Amino acid sequence: MAYLDHAATTPMLDEALEAYVATAREVGNASSLHAAGRRARRRVEESRERVAAALGARPSEVIFTGGGTESDNLAVKGVFWARRAVDGRRTRVVSSAVEHHAVLDAVDWLAAHEGAEVALLPVDAAGRVGPDQLRAELDAHGDRVAVVTTMWANNEVGTVQPVAALAAVAAEHGVPFHTDAIQAVGQVPVDFAASGVSALTVTGHKLGGPAGVGALLLARDVAATPLLHGGGQERDVRSGTLDTAGIVAFAVAVETAVKRQQEYAARVAALRDDLVERVRQAVPEVVFNGDPVDRLPGNAHFSFPGCEGDALLLLLDAQGIACSTGSACSAGVAQPSHVLIAMGADDDRARSSLRFTLGHTSTPSEVDAVIKALPGAVDRARRAANYRTPR
Amino acid sequence: MRVLAAMSGGVDSAVAAARAVEAGHDVTGVHLALARNPQTYRTGARGCCTLEDSRDARRAADVIGIPFYVWDMADRFHADVVDDFVAEYAAGRTPNPCLRCNEKIKFAAVLDRAVALGFDAVVTGHHARLGPDGLLRRSVDLAKDQSYVLAVLTREQLDRSMFPLGDSTKAQVREEAARRGLAVADKPDSHDICFIADGDTRGFLAQRLGETPGDVVDVTTGAVVGTHAGAYAYTVGQRRGLHLDRPAPDGRPRYVLSITPKTNTVTVGPAEALEVSHVRADRPVWTGGPRPDASVECEVQLRAHGDVVPATVTVAADGLRAELRRPVRGVAAGQAIVAYRPDPAGDVVLGSATIAA
């Protein structure tokens with residue numbers, strides 16, 4: 001099998017898996033006072049320090065959560081609620097048109113249920129959010145904005161956003177800035193303090209840790225109203241018994257991925273560039289989406305004119321190649337990607353797209369397998385788009 | 001062969017897919033998303049087209065161990081089945097949407113896409129037999145037989161179809177599903193029309209066609225005996241829901257005899273006035289082979305799960321005529337007439353046509 005869907009999830013690192021198993025064998029609730037509890041708490045706090053150190057944050061800024069979606073929801077809703085509670089005029093949420101649904105749907109929910117006004121910043125043809133657009137938005141409405149949230153790197157087309165520049169604009173207006181960095185950590189340098197953001201989402205299973213565990217890095221001067229109420233864990237912001245084994249494995253994965261980032265990015269980007277070059281040779285009319293330079297090292301995103309992405313996916317899957325159309329809903333009905341639409345693509349181009357994402361287990365032979373299967377699949381998918389059986 | 005299994009989320013299509021795998025085929029499962037907004041279709045365990053059905057189908061595919069995808073056929077389904085359904089009623093006819101879905105969606109749009117993607121055939125859980133002789137026959141389970149709604153398929157469509165359940169009864173299919181560990185083994189059968197959420201066909205039509213009050217006329221006296229909110233809401237042979245102002249002079253129940261959209265009139269009369277001995281039909285499809293030269297002695301069925309009547313079917317250039325050996329009540333334009341040749345190995349579908357009058 002050729003696995004080119006690392007942006008969906010990537011295999012656990014051996015180090016993380018071993019740390020998980022070793023910790024999961026131990027009993028102990030990190031909130032308990034006895035020896036077993038103290039041991040668990042020590043593991044959690046060591047992990048907090050490791051995550052903080054790897055990502056340029058202070059340990060007290062690390063809030064462990066149940067993963068990326070929860071962290072995004074906590075940042076968007078929690079900061080919105082906390083800011084509005086202090087100043088009732090702050091009911092505006094600023095985001096971008098290319099966010100993941102974990103952010104976009106949380107923002108929509110605030111609009112539908114909390115009366116939030118929503119401003120979605122446009123993107124350019126590469127999918128990039130412009131700091132000037134954010135400045136214009138905040139110059140006009142800054143005193144009514146509760147929170148700004150834009151991603152570090154796009155999960156579909158791989159474009160890396162000018163996060164530091166955006167965060168600086170938000171800081172000028174004194175507005176908290178959250179960034180979903182789920183796709184970025186371990187792929188590109190991510191430093192919480194240096195970036196100037198107030199809140200940052202990271203999750204385990206995109207960087208070699210387990211699924212179902214992640215963190216929100218939250219600056220100490222930014223308040224967030226909890227989504228979950230209960231035992232008061234995690235600065236009272238996120239109640240719930242801590243998943244000690246998951247947190248330990250997550251921390252090992254973050255630390256390892258960040259430590260290896262440079263070497264990893266060079267190796268994977270070389271593989272990716274080879275893939276892109278050979279796809280272009282094999283299918284000359286292909287459209288390469290996203291920023292050609294400022295992009296995630298493992299991401300290759302294409303539109304294949306005249307094809308439907310889900311037909312390509314089916315055909316490649318049948319040949320043992322795992323990739324993605326980049327978007328899926330719970331019913332499994334492919335919708336044209338909101339990201340590509342926001343980048344100015346028409347419906348056909350959006351529906352004709354396919355995402356290949358490489359990762360830490362990727363090999364040249366996997367790229368070879370794609371190149372071997374792709375031209376035939378494109379041919380077939382193109383014929384399928386307008387085919388009728390004789391009758 | 002590479003085959004595509006259309007999986008509704010019900011027990012039949014799940015077992016059909018499993019049997020296709022067991023027969024050595026390379027099977028891929030596909031669930032057809034037919035609702036533009038899935039929540040507006042039937043929810044719960046009844047019917048098709050819900051998110052839950054999509055999950056049931058995927059779960060079955062996982063148990064069987066085949067790839068599974070959802071194909072969005074909502075636009076095609078609306079244009080070819082739902083809109084057609086409404087237009088047919090508006091024209092005073094009584095359509096069969098399941099038949100239309102087979103003709104236009106499952107064995108057309110889906111089959112076309114499958115063939116183009118390299119599949120050799122589509123496999124479904126319909127209860128009908130399609131043997132090596134290429135003939136379509138009734139299922140061994142006559143109560144569940146679906147050959148009527150498949151009789152609209154052409155030879156070319158049947159050549160690329162597989163119905164692995166025709167030799168089994170529904171009870172056997174359920175038993176086999178349980179044996180295979182398929183959770184849908186006990187799922188209730190779907191009924192009625194999948195795109196009418198509450199089963200209220202009249203309300204569904206009224207929403208789309210509006211209320212257009214008109215007269216209900218008695219065929220014997222010519223008198224107006226009531227009013228209706230829209231002639232489209234009636235079907236030939238219907239007795240209930242007429243809300244007549246005056247009882248018939250003879251005190252016997254009255255039935256809908258015909259619907260005339262032009263004058264927006266519903267004509268009612270006694271049961272015997274419903275009896276029909278000749279049927280004219282158009283758009284014939286000769287499923288069982290080449291078009292017969294002249295007339296054929298056969299049996300005909302005039303609606304889904306309807307009685308079977310011996311008849312002489314005469315082929316005309318633009319359709320066919322059927323002389324029924326005994327009169328039949330409640331023959332509605334828009335329904336299919338399906339001709340069968342009785343056969344001890346399962347009655348053979350000769351062909352079908354759409355009843356015109």
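Which residue in β2(B) is the bridge partner of B:L4? In β2(B), that partner is B:T28.

This is a predicted model, in which local features need pLDDT of at least 70, side-chain atom pairs count only at pLDDT 80 or more, and totals for chains, interfaces and linings use all residues. Residues are numbered from 1 along each chain as its sequence is written, while chains are lettered from A and ligands numbered from 1 in the order in which they are written. Helices (H or I, at least four residues) and strands (E, at least two) are DSSP runs, numbered from the N terminus.

**Chain B: strand β1 and its partners**

Strand β1(B) spans residues 2-6, and four of its five residues are buried. A buried residue has 20 or more other C-beta atoms within 10 Å of its own; an exposed one has 12 or fewer, and a partly exposed one lies in between, with C-beta atoms placed from the backbone. β1(B) and β2(B) (residues 26-33) run parallel and are joined by five bridges. The chain passes from β1(B) through helix α1(B) (residues 11-22) to β2(B), in a right-handed β-α-β crossover. Right-handed here means that, with the strands pointing away from the viewer, the path from the first strand over the helix to the second runs clockwise. β1(B) also runs parallel to β4(B) (residues 121-123), with three bridges between them. There, B:L4 stands opposite B:V122. Two strands count as paired if DSSP finds at least two bridges between them.

**Chain A: the sheet**

Chain A has an open sheet of seven strands with mixed pairing, in the order β2-β8-β7-β6-β5-β3-β4. β2 (62-65) and β4 (117-121) stand at its edges, each with a single partner strand, so one side of each has no neighbour in the sheet. The twist averages 20 degrees from one strand to the next. β3(A) (residues 92-96) pairs with β4(A) in the parallel sense over five bridges. Within β4(A), A:A119 is the bridge partner of A:V94. Helix α5(A) (residues 131-141) lies across β3, β4 and β5 (145-149) of chain A, at about 155 degrees to β4(A).

**Chain A: helix pairs**

Axes are lines fitted to C-alpha atoms, for helices over the stretch in contact, and angles run from 0 to 180 degrees between N-to-C directions.

| Helix pair | Axis separation | Angle |
|---|---|---|
| α9(A) (residues 261-282) and α13(A) (residues 364-385) | within 10 Å | roughly 15 degrees |
| α3(A) (residues 68-86) and α4(A) (residues 101-114) | 9 Å | about 35 degrees |

α9(A) and α13(A) are therefore roughly parallel to each other. Angles under 35 degrees count as roughly parallel, over 145 as roughly antiparallel, 65 to 115 as roughly perpendicular and the rest as oblique. α9(A) passes α13(A) in a right-handed crossing. The crossing of α3(A) and α4(A) is right-handed. A crossing is right-handed if the near helix is turned clockwise from the far one by less than a right angle, left-handed if anticlockwise.

Contacts are residue pairs with C-beta atoms, placed from the backbone, within 7 Å. Between α9(A) and α13(A), the residues that meet include A:L271 and A:L275 on α9(A), and A:V367 and A:I371 on α13(A).

**Two partly exposed residues**

B:T220 lies in the loop between β8 (214-218) and β9 (224-228) of chain B. B:T220 counts as partly exposed because it has 13 C-beta neighbours inside 10 Å. Its C-alpha atom is 8.8 Å from that of B:V268, 48 residues apart along the chain. A:E18 sits in helix α1(A) (residues 14-24). With 13 C-beta neighbours inside 10 Å, A:E18 counts as partly exposed.

Methods:
Contact = placed C-beta atoms within 7 Å.
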